[in-house]
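Here is a short briefing on a predicted model.

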Amino acid sequence: VRDLDEMISHHVLDSLAIAPYLKGADFIDVGTGPGLPGIPLSIIMPDRHFTLLDSNSKKTAFLLQAKGALKLDNMQVVSSRVEDYAGSYDGVLSRAFTAVHEFVASTQHLLKKDGAWYAMKGPQYIDEVKAIPSFSHNTLALKIPFLAKERFLTIIKHSE
């Protein structure tokens, strides 16, 4: 995406669409890349903490610069592979990280017992969700202003 208007709808507004569904105070955005959805969420939710995790040090260098420039004291940047990082979070966020079942499997060690995974997906979510039968999940259609493409949020929890 190179057009500024498309950047706003495809990235910023898309990232912000999950804000009403986030439960808890401490979140990790795995495979954050350029900081999506972590940076926009950190801006509008200053009372919550966001850890942005990416294994690419060039990307995390940019994230550190953005954190300083935007004065985001509620945001932490970590350069690490997800399987090598330890932490305990209310929510694990993913936007275009990997297939849902791989996302859940690779991040189980990061989620608190009563926490949830938040997978931001396009229409392919239907097939991906079928691969996680041992977890409870709810998929919501997201309404993104100025974006005609379908977007979904799948919230996944440990089965009780």
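One aromatic cluster is formed by Phe27, Phe50 and Tyr118. In total, the structure holds three aromatic pairs.

**Phe27 and Phe50**
- The ring centres of Phe27 and Phe50 are 5.5 Å apart and the planes meet at 20°, so this pair is stacked.
- Phe27 sits in strand β1 (residues 26–30) and Phe50 in strand β2, so the pair ties together parts 23 residues apart in sequence.
- Phe27 is buried, at 0% relative accessible area.
- Phe50 is also buried, with a relative accessibility of 0%.

**Trp117 and Phe135**
- Trp117 and Phe135 have ring centres 5.5 Å apart and planes at 85°, so the pair is edge-to-face.
- This pair links distant parts of the chain, 18 residues apart: Trp117 is in strand β5 (residues 111–121) and Phe135 in strand β6 (residues 135–142).
- Trp117 is buried at 0% relative accessible area, and Phe135 is buried at 15%.

**Helix α3**
- Helix α3 has 14 residues (57–70); at 1.5 Å a residue it should span 20 Å, which agrees with the 20 Å between its end C-alpha atoms.
- Its buried residues are Thr60, Leu63 and Ala66.
- They cover an arc of only 115° around the axis, so they lie on the same side of α3.
- Their cover includes α2 (38–44), β2 (49–54) and β3 (75–79).
- The face turned away from the buried side carries exposed Ser57, Lys58, Gln65 and Ala69.
- Asn56 caps the N-terminal end of α3, with a side-chain oxygen 2.8 Å from the backbone nitrogen of Lys58.
- Lys71 follows α3 and has a positive phi, near 55°.

Key: Residues are numbered from 1 along each chain as its sequence is written. This is a predicted model: local features need pLDDT of at least 70, side-chain atom pairs count only at pLDDT 80 or more; totals for chains, interfaces and linings use all residues. Side-chain values use heavy atoms; hydrogens and water are left out. Helices (H or I, at least four residues) and strands (E, at least two) are DSSP runs, numbered from the N terminus. The expected span of a helix is 1.5 Å times one less than its number of residues. Buried means under 20% relative accessible area, exposed over 50%, partly exposed in between (1.4 Å probe, protein chains only). The arc is that of the directions from the helix axis to the C-beta atoms. Contact means heavy atoms within 4.5 Å. A polar contact is a pair of N or O atoms within 3.5 Å; within protein, one must be able to donate a hydrogen and the other to accept it, and residues adjacent in sequence count only if both atoms are side-chain atoms. Rings of Phe, Tyr and Trp (its six-membered ring) pair if their centres lie within 6.5 Å; planes under 30 degrees apart count as stacked, over 60 as edge-to-face and the rest as tilted.
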